[in-house]
Amino acid sequence: EKDEDALEDLTPPVKEEMNYRIVSARRARETRMEEEIQRNKRASAAAAADTSASTAAAAGIATTRTQRENVDGATTASFRDVVEEYAKQHDVTFHPRMGPNSTKDGKPIFLFGSVSIYLDSNVVFALRGVSKKWEPISLDDLVRCSL
């Protein structure tokens, strides 16, 4: 009887709120968050063992999600991570485009808010203008266009 009551209380999600792209983006975000937790745990363990890392941590230098470990243990940020973090700081959605026309010259197309972009050699290109041409754009201009 409790199970039947619980089933009656359930309502299906609104179609506009639940689709493949939203679920895929949420799962990717959850995976990144789990990876960040693991990286932070490894960084904390390394910092405890290394006095120079402890000094850096005491000075307020912290590892962020945008950093990745290299083979030699150093950390660097990919340009995609930088753009994604910038979007997050400005409360703009950032996720890969799905389906047809999801690449430009073999590079993935992302949606930065409502603006289609792709990244090439640390430059952001946005699909802009009446002619719908790919043009380089600054991150500040991209935020303004996406709002």
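## Overview

Helices, as DSSP runs (H or I) of at least four residues, and strands, as runs (E) of at least two, are numbered here from the N terminus. The structure is a predicted model. Its chain contains 5 helices and 8 strands, arranged along the sequence as α-α-α-β-β-α-β-β-β-β-β-β-α.

Of the 147 residues in the chain, 21% count as buried. Among contacts with a separation of 6 or more, 30% join residues 24 or more positions apart.

## Confidence in the model

The average pLDDT of the chain is 76, and 67% of the residues score at least 70. Among the elements of the chain, β5 has the highest mean pLDDT (94) and helix α3, residues 51-58, the lowest (41). The pLDDT is below 50 over residues 51-67, a stretch with 23 contacts in the model beyond near neighbours in sequence. Where pLDDT is low, predicted coordinates should not be read in detail.

In soluble globular proteins, nonpolar side chains tend to be buried together. The largest nonpolar core in this chain has 16 residues, and those with the most contacts inside it are Val 83, Phe 94, Phe 112, Ile 117, Val 124 and Leu 142. At least two residues of this core come from each of α4 (79-89), β5 (107-112), β6 (115-120), β7 (123-128) and α5 (139-146).

Val 124 illustrates how such a residue is surrounded. Beyond its neighbours within four places in sequence, Val 124 has contacts that include Phe 79, Val 83, Ile 117, Leu 119, Pro 136, Ile 137 and Leu 142.

## The helices α4 and α5

Buried residues in α5 are Leu 139, Leu 142, Val 143 and Ser 146. These residues lie on the same side of α5, because they cover an arc of only 100° around the axis. The buried residues of α5 pack against α4, β5, β6 and β7.

In α4, the buried residues are Asp 81, Val 83, Glu 84, Tyr 86 and Ala 87. Asp 91, which follows α4, has a positive phi near 55°.

## Aromatic pairs

How many aromatic pairs does the structure hold? There are 4 aromatic pairs. In one of them, the rings of Tyr 118 and Phe 125 are stacked, because their centres lie 5.1 Å apart and their planes stand at 15°. Tyr 118 and Phe 125 are both buried.

The rings of Tyr 118 and Trp 134 have centres 5.0 Å apart and planes at 75°, so this pair is edge-to-face. Tyr 118 belongs to strand β6 and Trp 134 to strand β8 (residues 133-136), so the pair ties together parts that are 16 residues apart in sequence. Tyr 118 has a relative accessibility of 7% and counts as buried, whereas Trp 134, at 22%, counts as partly exposed. Elsewhere, Phe 94, Phe 110 and Phe 112 form one aromatic cluster.

## Loops with positive phi

Most residues other than glycine have a negative phi. Asn 101, a residue other than glycine, has a positive phi near 60°. Asn 101 is situated in the loop between β3 (94-96) and β4 (103-104). With a relative accessibility of 60%, Asn 101 counts as exposed.

Asn 122, although not a glycine, has a positive phi of about 60°. The loop between β6 and β7 holds Asn 122, which is exposed with a relative accessible area of 56%.

Notes
Residues numbered from 1 in each chain as written. Predicted model: local features only at pLDDT ≥ 70, side-chain atom pairs only at ≥ 80, totals over all residues. Heavy atoms only, no water. Core = buried A, V, L, I, M, F, W, Y, C linked by side-chain atoms within 4.5 Å. Buried < 20%, exposed > 50% of the residue type's maximum accessible area, 1.4 Å probe, protein only. Contact = heavy atoms within 4.5 Å. Arc of directions from axis to C-beta. pLDDT = per-residue confidence, 0-100. Phe/Tyr/Trp six-rings, centres within 6.5 Å; stacked < 30°, edge-to-face > 60°.
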